[in-house]
Amino acid sequence: MDDAGLAAILRITARTLEVCFSALALAVALGLPVGIALGRRRFTGRGVLISIVNSGMGAPPVVVGLLVALLLWRHGPLGGTGLMYTKGAMVIAQVVIALPLIIGLTLAAVGSLDEDWDLQVRTLGIPPLWRLWLLLREIRLGLFAAFIAALGGILSEVGAVMMVGGNLEGETRVLTTAILMHTQMGQFEMAMGLAAVLLGLMLLLAGLLTAIQQGGRE
Amino acid sequence: MSDVPALAARHLLVLRRSRRTVFELRVEEIDLRSGEALAVLGPNGAGKSTLLRTLAGLERPVHGQIEQKSVAGPVTMVFQRPIALAGSVAHNVQVALLGLHLSRREARKHVEEALRRFGIARLAEQRAATLSGGELRRLALARAFALHPAVLLLDEPFDDLDAAAQDSLSLDLRRAIEDTDVAVAVVTHDLRRALLLSDRIAVLVDGRVEQIDHRERVIAHPATPAVARLVGMSNLIPGEIAREASDDLPVVTIDRDHRIPVTGDVPPGARVWVGLRPEHLKVDVGRGQGTPIGQGTVRHLVSDGLVSMVTIDWAGFELRTHLIAGRGLARTLAPGDQVKLAVRPEDVHLLPRRKD
């Protein structure tokens, strides 16, 4: 592989990380409070919401891509935003894929705490922000499991990002879409190089998160 | 001990709804006083924990008011199944102090003092999640006492502990209550714990406070049959006050052949329950140790190695008495034996009996 090929791989890798981490950050920001609320509060319709989240955890990415594409299509409800075939559209699709995983695994972690955990902490007179910190600390194993699952899901996903990103060179091409394209073109050396980077990234990031997760276990 | 309440609740009505039923807790008046422990005693489902949670502010009463009169510290509660937070034992106590805004040095002092008070200073650096049940209870109490609370509410603090652990924790807790000026309410269904820990006892039955008084008075003079049963006065016999023709002393007539002598100024004709603790029912004793009330038939004997509990048929009622196991009568008695029963009039407690 020549220098141009290596430079292309580096650019695609950087773009992949940018899209994935933006999507993960957004999914965590949205999903964490929802997961905690669903795990701790009892209200009418909670069961239905949990069923939707659980179904979403297994939603086919290609269907998610189709729905996001329909929304962002020129004549779709959000067509005016001009997001179709941009990194923004890819982030949206990946957030939709990651969100149920973050919510579902957070609520499972929160649900495993004692029923009256909140009350017990509250009766100690601990201020609300400290209570939240204690809760996150308490469920950290489950939280990191959620991060690892969500990151794995969006990093390896190809259908949705292909549909809404379009695999445009220098703009929306990421590792998975590039591997697909080079394989279809018979450029196996490049495809193998990209696949090795993707696998390496997966191992590195999952290993890092696992190390943090297990390191926190006293 | 102070007569000024640290926490006072008046005219409380609390409703707890489950799927099909609504549980109602009504409490006219309850005070928790600084330096004093109030045991809340009652059978399962009486509303003891609901009362505690209401006093802690975790349940909202439909009406009534709860007023914290002592501002010397917060109101805090130790739950029936206390949680161990992630981190060390010392961290678990330290976390509870976050709301007090203490300096690091002060916080450390509070933590050390609390751990020492409950005998777990040596476990300070151990992970709280690895503690045994007894150690976790001690941690929960240390965490609560570290806050220097004005009011401390304890929900079954000895649940699931073996007898030795219960005894040792009771003593440490009693000492901690005496050393601090905290007002304590402790929920328990164990009479012995209630007596060990408390100055006063509130007896809760079916969501109502049946009696609240000093422990000696509750034990000796239960106000209702339900309270009598809960405080171990297991012999309850219905009867009517009469006067012995011979010496004009009051007796309770059970039926034509059975009478129980009583003391005091009681109006003839009154319908009563005769309450008699098992240890006050004498079996085959000599003269001077009680007034004979006739013969009974031994129905059943059971012993725990220390005490033999004997069930005796008398006047169509099953009476219970306790004998020291392995000694005297306890060795020779057998089911079917006829025994002479006696009571001392001053040991008999009378409770009013409503017309059915």
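The model is a predicted one. Ala315(B) sits in the loop that links strand E16 (307–314) to strand E17 (317–324) of chain B. Its backbone is worth a look too: Ala315(B) takes a positive phi of about 55°, even though it is not a glycine.

Asp206(B) is not a glycine either, and its phi is positive at about 50°. Asp206(B) is again a loop residue, placed between strand E8 (200–205) and strand E9 (208–214) of chain B. With 61% relative accessibility, Asp206(B) counts as exposed, because the cut-off for that class is over 50%.

Next comes the meeting of the two chains. On the chain B side 21 residues are in contact with 19 residues of chain A. Together the chains bury about 1700 Å², and carbon and sulfur atoms give 65% of that area. Within chain B, the residues that lose the most area to chain A are Phe79(B), Ile83(B) and Leu98(B), which together account for 30% of what that side buries. As for secondary structure, strand E5 (75–78) and helix H2 (89–96) of chain B each bring at least two residues to the side touching chain A. Sorted by class, that side of chain B holds 13 nonpolar, 4 polar and 4 charged residues. Polar contacts do turn up, though: 6 residue pairs, both partners at pLDDT 80 or more, are counted between chain B and chain A.

Over in chain A, helix H10 (residues 188–215) makes a handy check on geometry. Its 28 residues, at 1.5 Å a residue, should span 40 Å, and the end C-alpha atoms are 39 Å apart, which agrees. Several residues of H10(A) are buried, among them Leu194(A), Leu198(A), Leu201(A), Leu205(A) and Leu209(A). An α-helix has 3.6 residues a turn, so residues three or four places apart point the same way. Also buried in H10(A) are Met190(A), Ala191(A), Gly193(A) and Gln213(A). What lies over these buried residues of H10(A)? The cover includes helix H1 (3–40), helix H7 (140–155) and helix H9 (175–184) of chain A.

Methods: Residues numbered from 1 in each chain as written. Chains lettered and ligands numbered in written order. Predicted model: local features only at pLDDT ≥ 70, side-chain atom pairs only at ≥ 80, totals over all residues. Heavy atoms only, no water. Contact = heavy atoms within 4.5 Å. Buried area = accessible area lost by both parts, 1.4 Å probe. Polar contact = N/O pair within 3.5 Å; in protein donor to acceptor, adjacent residues only side chain to side chain. Helix = DSSP H or I, 4+ residues; strand = E, 2+ residues; numbered from the N terminus. Nonpolar A, V, L, I, M, F, W, Y, C, P; charged D, E, K, R; others polar. Buried < 20%, exposed > 50% of the residue type's maximum accessible area, 1.4 Å probe, protein only. Expected span 1.5 Å × (residues − 1).
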